[in-house]
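Please keep the sequence and the model in view while working through the numbered points.

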Amino acid sequence: MPVEITWWGHATCTVVDSHIRVLTDPLFARRLAHLRRRRGALPPSGALRADVVLVSHLHADHLHVPSLARLAPGTRLLVPRGAPQAVPGLRRLAHLRLAEMAPGDELPVGDLVVRAVPARHDGRRLPLGPHRSPALGYVIEGQARTYFAGDTGLFDAMEEEVGPVDVALLPVGGWGPYLGEGHLDAGRAAQALARLAPRSAVPVHYGTYWPIGMDSVRPHEFHAPGDEFVRLAAKHAPGVAVHRLGHGESVRPEVAR
């Protein structure tokens, strides 16, 4: 079957490749601390169905324990190395098959191989705790090579560390009016696209959550990143097909045969 990608909002996507369902950074909540979901309905319960779940780093909008607790028994869960020590709630998820990953690690899942790659992002569980775990991206290798970047900034060895890919799921914004270090905005994501040169790209991590009471503070940072990425990608990487999905929409991108 063709590779299919569904964007549920924020960094949560389902990638179906070789009949294996991969779920990224599941966040199934209307509210998270000071953030509320402003756009897109919550994903349906069927979106929780996955063979393997990838967690990119320990921030609560990417490693959301209540969402992980809803996964079916036996689901494989890949997390950054050291995550169970830093996030005690993970150790209570005994119904999941947890594996810790570091850059360069590979894990076969059915006909897929999932490879952890570096990310340039603060990997701590904020705001508390001295523990550190690496922030990761993942490359899902099956009929296609799909790169899920998690949260990352640009870094010099990105092309070499990630390797050739067919599809890139790239963050293009965030959940607040200002992006800190270690993030991609639309412009930097377009530069990453030019470096990676995939056949297709899907912008993620924007236009979903926003701080309560800050609707009028730099609202373009909530509304504009997707369209801005499409515009800048056409300038910096004109050979890449960019699919700007709405919440809950899917695409079957063209991949090399």
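1. Terms and source. Two strands are said to pair if DSSP finds at least two bridges between them. Helices (H or I, at least four residues) and strands (E, at least two) are DSSP runs, numbered from the N terminus. The model is predicted, so local features need pLDDT of at least 70 and side-chain atom pairs count only at pLDDT 80 or more, while totals for chains, interfaces and linings use all residues. Residues are numbered from 1 along each chain as its sequence is written, and side-chain values use heavy atoms, with hydrogens and water left out.

2. Overall form. The chain contains six helices and 17 strands. For its 257 residues, a compact globule would have a radius of gyration near 18 Å, and the 17 Å of the chain agrees with this. That quantity is taken over C-alpha atoms, and the globule rule is 2.2 Å times the number of residues to the power 0.38. Along the principal axes, the C-alpha atoms fill a box of roughly 50 × 45 × 35 Å.

3. Burial and surface. A residue is called buried under 20% relative accessible area, exposed over 50%, and partly exposed in between (1.4 Å probe, protein chains only). By this rule, 56% of the 257 residues are buried. The chain exposes about 10,600 Å², and carbon and sulfur atoms supply 50% of that area. Accessible areas come from the Shrake-Rupley method with a 1.4 Å probe; for residues, only the protein chains shown count as cover.

4. Contacts along the sequence. A contact means heavy atoms within 4.5 Å. Among contacts between residues at least 6 apart in sequence, 65% join residues at least 24 apart.

5. The seven-stranded sheet. In what order do the strands of the open sheet with mixed pairing stand? The order is β8-β7-β6-β3-β2-β1-β17. The edge strands are β8 (97–101) and β17 (250–251), each of which pairs on one side only.

6. Strands β1 and β2. Strand β1 (residues 4–9) pairs with strand β2 (residues 12–17) in the antiparallel sense, over five bridges. Within this pairing, isoleucine 5 has valine 15 of β2 as its bridge partner, and threonine 6 stands opposite threonine 14. The two strands form a hairpin with two residues between them, and histidine 10 in the turn has a positive phi of about 55 degrees.

7. Strands β2 and β3. Five bridges also join β2 to β3, again in the antiparallel sense. Valine 15 has valine 22 of β3 as its bridge partner. This hairpin likewise has two residues between its strands, and serine 18 in the turn has a positive phi of about 55 degrees.

8. Cover over β2. Is β2 mostly covered or uncovered? It is mostly covered, with six of its six residues buried. On one side these are Thr12, Thr14 and Val16, and on the other Cys13, Val15 and Asp17.

9. Two residues with positive phi. Most residues other than glycine have a negative phi. Histidine 19, in the loop between β2 and β3 (20–24), has a phi near 65 degrees. Aspartate 25, in the loop between β3 and β4 (31–32), has a phi near 35 degrees. Histidine 19 is exposed, with a relative accessible area of 58%, whereas aspartate 25 is buried, with a value of 0%.

10. The three-stranded sheet. Three strands form an open antiparallel sheet in the order β4-β5-β15. Strands β4 and β15 (209–211) stand at its edges with a single partner strand each, so one side of each is left without a neighbour in the sheet. Two bridges join β4 to β5 (residues 35–37), and arginine 31 stands opposite arginine 36 in β5.

11. Arginine 37. This residue belongs to strand β5 and is buried, with a relative accessible area of 12%. Not counting residues up to four places away in sequence, arginine 37 touches Trp8, Gly9, Leu27, Ala29, Arg30, Leu42, Pro43, Thr208, Tyr209 and His247.
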